[in-house]
Amino acid sequence: MSSSTRISGAFEEALRLPLKKESRYILFSDCHRGCGTANDNFLKNEYLYLAALGYYFDHGFTYLELGDGDELWENRSMKCIREMHPECFEMLEKFHHEGRMYAVYGNHDMIKKYRGFQKKNLSEMPVSCSGIILEDEKQKKDLYLTHGHQADVLNSTLWRLSRFLVRYIWRILEDLGVPDPTSAAKNNTKKKKSEKILTRWAQENGRILICGHTHHPMIGTKNSPYCNTGSCIHPSGITGIEIQNRCMTLVKWSMSAREDLTLCVSREVLGEPVCIDEY
């Protein structure tokens, strides 16, 4: 199966949501919530994430998580993740109970697509799907949302092998400073290859494609209609894409200092909004 076929397959039974002028969506991906160990990359940004979720909840946004929300390659159990990050899950459940949260699974939480896992671990959370399509009310351009791991056979078709390597080999070597070669986020060669494949799919199919996976935040153009949310585990903060008034805005949440030198959480807009009508 080709990468193009795998990407297209993510949308065959996609969840469809409305995209109207009054719609408000916030897209985050790659939180990699862990169990609080040294490998839990989410820990350092947890309070930034909570502050951002609080802001979006209060401002009427719907939360869309584009995969790898939980680190289920390095960790076997959702229980330890929930116990380590109770405030996060309380916030996510608030969104879900109001019908304002939907999720896509990625390679690191692919197991969420199985009903047995869903029944045991996700009773208070939305069922994860392979893709989401935001249907434009003006029928200009729909937005196609998926994780993006479909561009790489090792992280899609062979995800169980990759999970084994990460869980039992590369996690240990990573502690010694050896980067994980299976990761598109940590391997620049794989990152560029994945982004090239995703961009080509968007161009050839005439779609606006929004992914995570590579952790490389960007808003695409008319000629290159591929966008990426970035991740929630950047050393300097978390990035995401806001959708309002049928326009996309790349934003960053980070720590900053007020004039009196007290620390606070700040939201920074990274570039001008890009509207669907421009594609």
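Reader: Which residues form the aromatic cluster?
Author: In this predicted model, one aromatic cluster is formed by Phe-28, Phe-42, Tyr-49, Tyr-55, Tyr-56, Phe-57, Phe-61, Tyr-63, Phe-95 and Trp-253.
Reader: Nice. And how many aromatic pairs does the structure hold?
Author: There are 15 aromatic pairs. One of them joins Tyr-49 and Tyr-63, edge-to-face, with 6.5 Å from centre to centre and 70° between the planes.
Reader: What parts does that pair of Tyr-49 and Tyr-63 tie together?
Author: Tyr-49 belongs to helix 2 (residues 46-58) and Tyr-63 to strand 3 (residues 62-66), so the pair links parts that are 14 residues apart in sequence.
Reader: Are Tyr-49 and Tyr-63 buried or exposed?
Author: Both Tyr-49 and Tyr-63 are buried.
Reader: Okay, why is the pair of Tyr-56 and Phe-61 edge-to-face?
Author: Because the planes of the Tyr-56 and Phe-61 rings are at 70°, with the centres 4.9 Å apart. Tyr-56 and Phe-61 are buried too.
Reader: What about charges, which ones sit over the ring of Phe-57?
Author: The charged end of Lys-94 does, 4.4 Å from the ring centre. Arg-100 also lies over the face of Phe-57, at 4.4 Å from the centre of the ring.
Reader: Switching to the surface: which residues make the nonpolar patch?
Author: Val-153, Leu-158 and Leu-161 make a nonpolar surface patch of about 230 Å².
Reader: Where does Leu-158 lie?
Author: Leu-158 is in the loop between strand 6 (143-145) and helix 6 (159-174). Its relative accessibility is 38%, so Leu-158 counts as partly exposed.

Conventions. Residues are numbered from 1 along each chain as its sequence is written. This is a predicted model: local features need pLDDT of at least 70, side-chain atom pairs count only at pLDDT 80 or more; totals for chains, interfaces and linings use all residues. Side-chain values use heavy atoms; hydrogens and water are left out. Patches are made of residues with over 30% relative accessible area and no salt bridge: like charges are joined within 9 Å, nonpolar side chains (Val, Leu, Ile, Met, Phe, Trp, Tyr) within 5 Å. Accessible areas come from the Shrake-Rupley method with a 1.4 Å probe; for residues, only the protein chains shown count as cover. A salt bridge is a side-chain nitrogen of Lys or Arg within 4 Å of a carboxyl oxygen of Asp or Glu. Helices (H or I, at least four residues) and strands (E, at least two) are DSSP runs, numbered from the N terminus. Buried means under 20% relative accessible area, exposed over 50%, partly exposed in between (1.4 Å probe, protein chains only). Rings of Phe, Tyr and Trp (its six-membered ring) pair if their centres lie within 6.5 Å; planes under 30 degrees apart count as stacked, over 60 as edge-to-face and the rest as tilted. A charge sits over a ring if NZ of Lys or CZ of Arg is within 6 Å of the ring centre and within 35 degrees of the ring normal.
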